[in-house]
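Hello,

As promised, I am passing the structure on to you. Please have a look at it below; my notes follow.

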Amino acid sequence: MNLFHILDPMFRWPLLTGVIFAALLPVLGMYLRLREEWLAALAFAQVAAAGSLGGAILGVPPQVGALACTCTAAAFKSWLARTGNNGYALLMITGWAAAILMLANVPIAEHLGHALFDGQLYFTGVSHLVFGAAFLLVVAAVLPWLSRKLLLERMFPDFFRATGMSAWKFHLIFDLLVAAGLALATASIGVMGAFGLVFVPSMIAYRLGPNWRGALWVATGISLLAYAAAFALAFAVDQPFGPVLVLVLAGLAAFGYLAPLVLWRRTPAAL
Amino acid sequence: MENGDCLLRVEDLSAGYARPVVGPISFSVDRGDVISVRGPNGSGKSTLLNALVGGAHIFSGAVHRRPGVRISHQQQAALQLDNVPLSGRELLALTGADARELPDWIAPLVGKRLDRLSGGQLQFMQVWACLKAPVDVVLLDEPTNNVDPQGVHHLQIQIGAMKPTHGILVISHDRAFLDSISTRSIDLDA
C-alpha cells in the first residue's frame, strides 16, 4: 500500500485524533505511575470498551457511553483503591466480560467491538477528533494546576496535610481526567493501544528522564514516535492498528531498558 | 490567642492512633521559639508532631492555630522515591523553598535526580524543602539522620537565622544538635 495515501483526507482525521491521544496519555501515565495506579488505567480502558458497546446498543454515541461508564467507575475509585489492586483487577475482568458478552449477543455491537479490541483507528471520524480536542483543552487547563498538588501529596504527605488541603478532591479530579482520557482514547485507538500509551512511555521516561519535566517530554516524545511508526507500519502492511502500536511500544520498552546498559553501562534497575 | 507572637497553642492534648500515645500535654509555640521535643523511644514525640497537623487522632484537648499560620512538617521517614524522576530543584519548588539559598556543598547537585543522591544528600534536600518553605511554624522530625557534620552545621546556622521570624519544633536523638539550637524543651515520658 502506498504510504502517501496516509495524507488522503480519509486518514487525516484518524491521524490527528491519534496524535492528540499519543501526546496526552503518556502524561497521564506519568502521574498514574507516580501514584502506583497504572493498573487502574487498564481497568478503565476495559470499562470504557464495555461502555462504548453499551452506548451503541442504547443508541447513544460510543464516546458518551464510554465516558459515562468510566467516570462512574472513577467516582467509586477511592473505594476500589482501598482494596489495593484487587478492586482494579475485578473492574478490569468485569468490563472485559461485559464487553465480550455484548459483542457475542448483539449484532449492532459486533462491528464496534472489533474496532475497540483491534484498535482500528482508521475508522474513527470527526466526532472522535472533536472529543479528543476538547479533552486536550481540559487537560491543558487543569493539569498544570493539579501537577504540583499531586507531586506534593506524593512526596510530602505530611507537609501536604499540614497545609490543610484535602487530598481527596485533587485525587477525584485526576481520576476523572484519567477516566475521560481513557474512555475517549479507547473509543479511538482500542483498549490495549490506549493502555499501552499510558503504560510504556511513562515506564521508559521514569528510567531515562533527567527530572520530572524532562521525563514528561521523554514520555511524550516516545509516545509520538511509537504512534507515528505504528500508524505508518499498520497502514503499509494492512494490519489492525492497536496490536501494531503495542508491538512498537514493546520494542521501544526493550530498547529503553537495554540502551542505558549498553551505552552508559548502568546496572539494571527494575522496569 | 492573646499573645501577638503566639503561633500555636496546645491545650491538654492527648493524641495517638488506636489509643492515646502522648499527653495530656499543654504548651505554646511563639515566634522566636526553637523547641526541642525530648524523650525516650515510644514516648510519642513523632505522634505529637503528627497531631499538630492532623496526622494523628486527638482523643482529648485541642490544637489552636492562629488564623493564617502556615506549618511545614518534615517527616522522620526518608522520601519514598520509587524511581520517580524528580530533581532536587523540583522537590524544593514543591514546598516553595528557594533552591538558590542552598549551601555551596550541595547547591551543584540541585539539578540531579533525587535517586542519584546519597542518603545524606537526599535527607538534607528533604529537610531543606520543609525548613525553607514559606511558613510560620516548622516541625522537624530527626532532621540530622544520615546527614554528615557539614550538613548538620548548616542546619544549625539556618535554624538560628530563622529563629526570630519562625516557631520551630525539633525532634532529634542528637543531643548536641538540640542543645545548640533550642531555646527551650518539652520532655515526654515513656
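From the N terminus on, chain A runs α-α-α-α-α-α-α-α-α-α-α-α, which comes to twelve helices and zero strands. Helices (H or I, at least four residues) and strands (E, at least two) are DSSP runs, numbered from the N terminus. Please keep in mind that this is a predicted model, in which local features need pLDDT of at least 70 and side-chain atom pairs count only at pLDDT 80 or more, while totals for chains, interfaces and linings use all residues. Residues are numbered from 1 along each chain as its sequence is written, and chains are lettered from A and ligands numbered from 1 in the order in which they are written.

On overall shape, chain A has a radius of gyration of 18 Å, which agrees with the value near 18 Å for a compact globule of 271 residues (taken over C-alpha atoms; the rule is 2.2 Å times the number of residues to the power 0.38). Of its 271 residues, 51% count as buried, meaning that 20 or more other C-beta atoms, placed from the backbone, lie within 10 Å of the residue's own.

One helix pair in chain A is worth a look. Helix H9 (residues 167–189) and helix H10 (residues 191–208) of chain A pack at an angle of about 125 degrees, with their axes 7 Å apart. Axes here are lines fitted to C-alpha atoms over the stretch in contact, and angles run from 0 to 180 degrees between N-to-C directions. H9(A) brings A:Leu182, A:Ala185, A:Thr186 and A:Ile189 to the contact, and H10(A) brings A:Val191, A:Gly193 and A:Ala194; contact means C-beta atoms, placed from the backbone, within 7 Å.

Now to the two chains together. Their contact takes 18 residues from chain A and 19 residues from chain B. On the side of chain A, helix H7 (126–155), helix H8 (157–162), H10 and helix H11 (212–237) each give two or more residues.

In chain B, helix H2 (residues 88–95) is mostly covered, with six of its eight residues buried. These are B:Gly88, B:Glu90, B:Leu91, B:Leu92, B:Leu94 and B:Thr95. The buried residues of H2(B) pack against H7, H8 and H11 of chain A, together with strand S5 (71–74) and helix H3 (119–131) of chain B. Just after H2(B), B:Gly96 takes a positive phi of about 90 degrees.

Best wishes

Key
A residue is buried if 20 or more other C-beta atoms lie within 10 Å of its own, exposed if 12 or fewer, and partly exposed in between; C-beta atoms are placed from the backbone. Two residues are in contact if their C-beta atoms, placed from the backbone, lie within 7 Å.
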